[in-house]
Amino acid sequence: MIEVRTASKKDLSLLVAMGRETFSAAFAKDNSPEDMEAYMSEAFAVNKIEEELKDEGSQFFLAYDQMTPVGYAKVRRSDEVKDTLSEAAIELERIYVVSEHQGKKIGVLLLQTCLDYAIANNFYWIWLGVWEHNVKAQQFYLKKGFEKFDEHPFKLGSDLQTDWLMKKRIG
């Protein structure tokens, strides 16, 4: 049985390791090793994740199968899309499942946990950015009621990429 719990500062090293592992599994085949390492060394640095854990506007969730960590998600308060989504919005910044545990509805459970958190904290919208070439993730979010509303640049190392911005009304 899969269980999801709120992460805390004691989960720092797990979040760093899982972040690097899942991000690499998802994107290494489509990006240069140099760009991947440049991005991951910044985004999943111990001090960076530690700051994110301390940030009152951010919340991490960890999924476990028995005692084994199998995925995680992160939401954060953000004003990045306030001009487009004028009501309170929260970003689903990360949602990843360890490769060998994909297909077990863990992503669905993590997404629902994030939606429940957003609703409980009086947000009207949840939004995210997904790489324009990540069709699998786009399909997942479309199936879950998200719709594309914009695009923005995303820098992976030295490679300037495009993310689709997707939103879902929740309140």
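User: What makes the approach of the N31 side chain to the side chain of Q161 a polar contact?
Analyst: The pair lies at 2.6 Å. A polar contact is a pair of N or O atoms within 3.5 Å, where within protein one must be able to donate a hydrogen and the other to accept it, and residues adjacent in sequence count only if both atoms are side-chain atoms. The N31–Q161 distance is inside that limit, so the term applies. The side chain of N31 also has a polar atom 2.9 Å from the backbone oxygen of F27.

User: What do these values rest on?
Analyst: The model is predicted, so local features need pLDDT of at least 70 and side-chain atom pairs count only at pLDDT 80 or more, while totals for chains, interfaces and linings use all residues. Residues are numbered from 1 along each chain as its sequence is written, and side-chain values use heavy atoms, with hydrogens and water left out.

User: Which residues is N31 in contact with, its neighbours within four places in sequence aside?
Analyst: With contact taken as heavy atoms within 4.5 Å, the partners of N31 are M36, W131, L156, D159 and Q161.

User: How do you know whether Q66 and K105 are buried or exposed?
Analyst: Q66 has a relative accessible area of 65% and is exposed; K105, at 59%, is exposed too. Q66 belongs to the loop between β2 and β3, and K105 to the loop between β4 and α4. Neither is a glycine, yet phi is positive, about 60° in Q66 and about 70° in K105.

User: How do you know what span the residues of α4 should have?
Analyst: The expected span is 1.5 Å times one less than the number of residues. For the 15 residues of α4 that gives 21 Å, and the end C-alpha atoms are 21 Å apart, which agrees. Helix α1 (residues 12-27), with 16 residues, reaches 22 Å, close to the 22 Å expected. Just after α4, N122 takes a positive phi of about 65°.

User: What makes β5 and β7 paired strands?
Analyst: Two strands pair if DSSP finds at least two bridges between them. β5 (residues 125-131) and β7 (residues 159-169) are joined by 7 bridges and run antiparallel, with L128 opposite M166. On 3 bridges, β4 and β5 pair in the parallel sense, and I90 stands opposite I126 there. β6 and β7 have 9 bridges and are antiparallel; in their hairpin, with 2 residues between the strands, G157 has a positive phi near 65°.

User: Why do β1 and β6 stand at the edges?
Analyst: The 7 strands form an open, mixed sheet in the order β1-β2-β3-β4-β5-β7-β6. β1 (2-6) and β6 (147-156) each have a single partner strand, so one side of each is left without a neighbour in the sheet. From one strand to the next, the twist averages 30°.

User: Where does α2 lie, and how does it run relative to β6?
Analyst: Helix α2 (residues 33-43) lies across β4 (89-97), β6 and β7, at about 100° to β6. Axes are lines fitted to C-alpha atoms, for helices over the stretch in contact, and angles run from 0 to 180 degrees between N-to-C directions. Helix α4 (residues 106-120) packs on the sheet too, and its direction makes about 160° with that of β4.

User: What makes a set of residues a nonpolar core?
Analyst: The members are buried Ala, Val, Leu, Ile, Met, Phe, Trp, Tyr and Cys residues joined through side-chain atoms within 4.5 Å. The largest such core has 27 residues, of which L92, L110, I126 and Y141 touch the most other members. Its largest share, 7 residues, comes from α4. A second, separate core of 21 residues includes F23, F60, L62 and W131.

User: Why is β5 described as largely enclosed by the rest of the structure?
Analyst: 6 of its 7 residues are buried, so the description holds for β5.

Key
Helices (H or I, at least four residues) and strands (E, at least two) are DSSP runs, numbered from the N terminus. Buried means under 20% relative accessible area, exposed over 50%, partly exposed in between (1.4 Å probe, protein chains only).
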